[in-house]
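I opened a new page in my notebook today.

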Amino acid sequence: MQELDTIVNLAANPILDANFLSQCKRTLDEKGALVLHHFLSPPALTAIKLEGDENRHLAYYTSSNHNVYLQKPDVELPPTHPRNRQIVSSKGCITDEEIPQNSALRALYDSADFQAFLCTVLGEKQLYPYADKLSSINLHYASEGQELGWHFDNSSFAITLLIQKPQAGGAFEYVENLRDADAGDMNYAGVEKLLNKETEPKKLGIEAGDLVLFRGRNAIHRVTPTEGDTTRMLVVLAYNSQPDISLSETARMTFYGRI
């Protein structure tokens, strides 16, 4: 297995250093988003991009309509209500079992030091992989016109690595603290203003090789449509705070076309 210092640019991102960890945690707690630039070493980034190009033919492509809450429509509300308004998301994806065993992604995902860094910054006691064979590491492809529509996450945190940036588009936009899910406040009025383009979202500046930690449970977010011939490639590193959890069969069929 590859050593961490061959995968992570530890000079720019000393994830074993206590002061750096404290700084990262403070940024994530205050802003709900943390971008670590030049996180991957150049050789690791090149190798992962090559894997993505070679395995792209294995990707399962989906285009789906959904509301921003990622829930079934509320039949007691009209289709034009922000709870029910339909958003489009489209992408290709290869799953964990299609990531090569010798990939730097797998070595990074399994690294005890990387997981310890994540636990400290995220405030988690321990992180566990998904119990199913598909969901832990996913590589997403967004070709021209493909996008991730506005939504809130169901999970409390997301961990991503940008592998290839498109020529244009593919911007990560968000509005922080737009709802309070734990208090049951869905903020329909605020969501409606955003969907009507009356609210200006923030943008995260992300380049290839950057690691992003994002709290999307209460921050609505999207990725704008890819423009141009260069496909946007993004890795999602998915962990759970409890062991033996699988993504639901319904979700696996939706995202991967199989269970």
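I began with a definition: buried means under 20% relative accessible area, exposed over 50%, and partly exposed in between (1.4 Å probe, protein chains only). This is a predicted model, where local features need pLDDT of at least 70, side-chain atom pairs count only at pLDDT 80 or more, and totals for chains, interfaces and linings use all residues. Residues are numbered from 1 along each chain as its sequence is written, and side-chain values use heavy atoms, without hydrogens and water.

**Cysteines.** I looked up C93 and found a relative accessible area of 3%, so C93 is buried. C119 is buried too, at 11%. Which cysteine sulfur is closest to that of C119? It belongs to C24, but it is 14 Å away, so too far for a bond. A disulfide needs two cysteine sulfur atoms within 2.5 Å. I noted 0 disulfides in the structure.

**Cores.** A nonpolar core is a set of buried Ala, Val, Leu, Ile, Met, Phe, Trp, Tyr and Cys residues joined through side-chain atoms within 4.5 Å. The largest has 43 residues, and F39, L108, F114, F117, L161 and L237 touch the most other members. Helix α5 (residues 112-122) gives the most to this core, 6 residues. Helices here are DSSP runs (H or I, at least four residues), strands likewise (E, at least two), numbered from the N terminus.

I then checked L161 for contacts (heavy atoms within 4.5 Å). Beyond four places in sequence, its partners include F39, L108, D210, M233 and L237.

**Annotation.** UniProt's unreviewed entry marks residues 133-241 as "domain: Fe2OG dioxygenase". Such positions follow the numbering used here, feature names are shortened, and annotations may be inferred rather than shown by experiment. The span is 7% helix and 39% strand, with its end C-alpha atoms 17 Å apart.
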